[in-house]
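This report describes a two-chain model for a reader who is new to protein structure.

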Amino acid sequence: MSRRLVGSAAATLVMVLAAGCGGGSQADGKIELSLGLFSDFGYDKLIEEYMASHSNIKIEQRKVKMEQHNTQLATQLAGGRGAADIVALEEGVVSQFRASKDKFVNLAEYGAKDLKDQWAGWKWNQGTADGGEFVLGLGTDMGSLGLCYRADLFAAAGLPTDRTEVAKLWPTWADYAKVADQFAAKTPNVKFVDTGRNVYKAILDQTEEGYFAKDDSYIAEKNDKVKTAFDTAAALGTKGQTGALEPFSQDWNVALKQGSFATTTCPAWALALIKAGAGDAAAGKWDVTTAPGGGGNWGGSFLAVPKQGKHPKEAYELAKWLTAPEQQKRIFKETGNLPSQPKVYQDAEVQATVNEYFNKAPVGQIFATSAESLKPTYRGTKDSKVGPVFATALTRVEQGKQSGAEAWTQALKEATDAAK
Amino acid sequence: MTVTRPETEAAPAVSVSPSKEPKRFRLSHWDARYTPYLIIAPFFLVFGIFGLYPLVYTAWVSLHDWQLIDGNQGFVGVANYVELFGDAKFWNALFNTLSLFVLSTVPQLLAALGLAALLDRGLRGSAFWRAGVLLPNVISVAAVALVFAQFFGRDFGIVNFLLGFVGIDPIDWRAETWASHLAVSTMVMWRWTGYNALIYLAAMQSVPKDMYESATLDGAGRWRMFWSITVPSIKPTILFTVVTSTIGGLQLFAEPALFDPGFAANNSTGGSDRQFQTLVLYMYEKGFRLFDAGYAATVAWMLFVVVLIVAIINFALTRRIAGKG
């Protein structure tokens, strides 16, 4: 009796487990593909069209927050099951997943290398390994840098409000800091910038090497550019010119709504976040212009195919279609996510795009120009482990807990540990 | 635990010659002897699969250099444990965990006791009040944490707003260690006080009323009766809540995690300088942000040991205190 009980319990368990990790082919004979995404890739309509034209394919989107997405994906890759057929890899973590590329399908096997010329060279390179022999992911959007500012708050501080005039105020980040001083003198109750962390991140994204040299060696402590970026941001924090906000958090949203800061760094994808946070009441108040220090890239993603999926070929076909020029153009028009393909962002229609919410700013032109001049930063394998250490260090400065120098010393120590 | 049954003791005396023993008798004898084990077996089976196996496997992982995605990178012995004992971040997390545990559990259980005593006095609409105290526990922890995170906002939080009325400057609830511990503890207390109060209430209602009656005749006041009759009578229940609160309190994760606005981003360290990073948060950071599964497993095992030690201390202390009456 006891053995039978154990037996039946085990059988039940096996059934439960089998049901849990099912998926893939369905009873109706359709191939089921899942897409693991975060935030808004703008794929809803595209997917419906794809299913309409491919009657044998059924697509399911899974959207979660980015951090959760990355963690989930890591555990799914480790466990060997559960990952979506196509997963999005964000630029900040793609190098980390590249180190585990044996868990992914080499898209070159399905002819991905023929598509190479669609993308900006650096974007293609970020998604590949082994000198381009291993194609990990196909590029979706990119995060070309701009700077967003509240024109009404600038007017109150006696600063110019026209976006070309504003751009002339800050050719460099040092000039930007000077504008911050002027702004603070006139309007002490409004913070000049939301957070020093984003300033730091933006400056760093304008250099070719940050924490890691192109040979993946750790160079943060001897790279002057990291120190300069940190000092610039820390100085803003020490002077109380930042809102000391966690970027893109609930507090950040509230501050946007209350109009308690006047500028923020704007990668193309951030426009949607600002609009959502500030709401309709602030329509036309926010504007976007060129960032100090030239072009840079922050964010943007890739579509990759984990090896554990059952239909790698169909998954590749879908990823290829979703990242194709025609689709990237449509996504830009619908969501504002900037295409990572020169032919698309140079397209007359894309260049002519204006954003109504941001005081009819010619976003197509601003971001495409920034994209042309950008020097992509090399992301080391452990970039995503080191970066947050410096971010929290800047928060300590903004909270008044440490001086810039103290925060820097502690950050270097922690970063060296994280880079081990 | 030893289970002695009269039948089993008597059995050998009867069956001097087992071969002659009737089959029917032997069956019922076996039935009496083994059925209890059989009935509790499913629990241990499930516990073995979902409790013991992960526990042992975690210990195994903690002895290796183990990367989350790429798996086993080689046996390293106790190297992870050696590193852990010299890791200031671990001790910081341990301090935070114990501090948060004391700050939330002690007032929580005392408040629950008081609340239960009030509910036990036969209020009008008692069902309403009793259901009411359980409400905070029914609401999802994520929702509670989000609301409290807003309450304790630095710039636009309602707590700072109210403190402003009594002339206290705004507090940066996430920057100061003590302030953050206070805020997180408030969340925990909000969620669990009612739950524990209901458990105490159930126990209080089974205390014989004649004990109170005779105490009243002897001239005892309410306060005296509460400490001399009620509390000693519900001793086992208090023990139970102390042990479960200990286990829950030391495994605190969701509340501090969601209190940290960085949790949604990629830097969930429980404050800019780990002001409220608990052991579980530290384990999460190591395992799921830095992908160092070996070290995370080591933290997990140390947490297990800490819970065990604190639970034993608690058990002994509570038994002694409650035993006085």
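The text below goes from chain A as a whole to its strands, and then to chain B.

This is a predicted model, in which local features need pLDDT of at least 70 and side-chain atom pairs count only at pLDDT 80 or more, while totals for chains, interfaces and linings use all residues. Residues are numbered from 1 along each chain as its sequence is written, and chains are lettered from A and ligands numbered from 1 in the order in which they are written.

**Chain A overall**

Chain A contains 19 helices and 13 strands. Helices (H or I, at least four residues) and strands (E, at least two) are DSSP runs, numbered from the N terminus. The radius of gyration of chain A, 23 Å, is close to the 22 Å given by the globule rule for 420 residues, so chain A is as compact as a globular protein of that length. This radius is taken over C-alpha atoms, and the rule is 2.2 Å times the number of residues to the power 0.38. Along the principal axes, the C-alpha atoms of chain A fill a box of roughly 80 × 50 × 40 Å.

Of the 420 residues in chain A, 50% are buried. A residue is buried if 20 or more other C-beta atoms lie within 10 Å of its own, exposed if 12 or fewer, and partly exposed in between, with C-beta atoms placed from the backbone. Among contacts in chain A between residues at least 6 apart in sequence, 75% join residues at least 24 apart. Two residues are in contact if their C-beta atoms, placed from the backbone, lie within 7 Å.

**An open sheet**

Five strands of chain A form an open sheet in the order S2-S1-S3-S12-S6, with mixed pairing. Two strands pair if DSSP finds at least two bridges between them. At the edges are S2 (57-64) and S6 (137-139) of chain A, each of which pairs on one side only. Helix H3 (residues 66-79) of chain A packs on this sheet, and its direction makes about 130 degrees with that of S1(A). Helix H13 (residues 312-322) of chain A runs at about 50 degrees to S1(A). For such angles, axes are lines fitted to C-alpha atoms, for helices over the stretch in contact, and values run from 0 to 180 degrees between N-to-C directions.

**A buried strand**

In strand S8 (residues 145-150) of chain A, 6 of the 6 residues are buried, so S8(A) is largely enclosed by the rest of the structure. Leu145(A), Leu147(A) and Tyr149(A) point one way from S8(A), and Gly146(A), Cys148(A) and Arg150(A) point the other way. In a regular strand the side chains alternate between the two faces of the sheet.

| Strand | Partner | Bridges |
|---|---|---|
| S8(A) | S10(A), residues 261-267 | 5 bridges |
| S8(A) | S11(A), residues 286-289 | 4 bridges |
| S6(A) | S12(A), residues 301-304 | 3 bridges |

Gly146(A) stands opposite Cys266(A) in S10(A), and Leu147(A) stands opposite Thr289(A) in S11(A).

**Chain B and the interface**

Chain B is divided into domain 1 (6-62) and domain 2 (87-323), with bounds from an automatic or database domain assignment. Their centres, taken over C-alpha atoms, are separated by 39 Å.

Between the chains, 32 residues of chain A are in contact with 27 residues of chain B. Helix H18 (383-398) of chain A gives the most to the side of chain A that touches chain B, with 7 residues.
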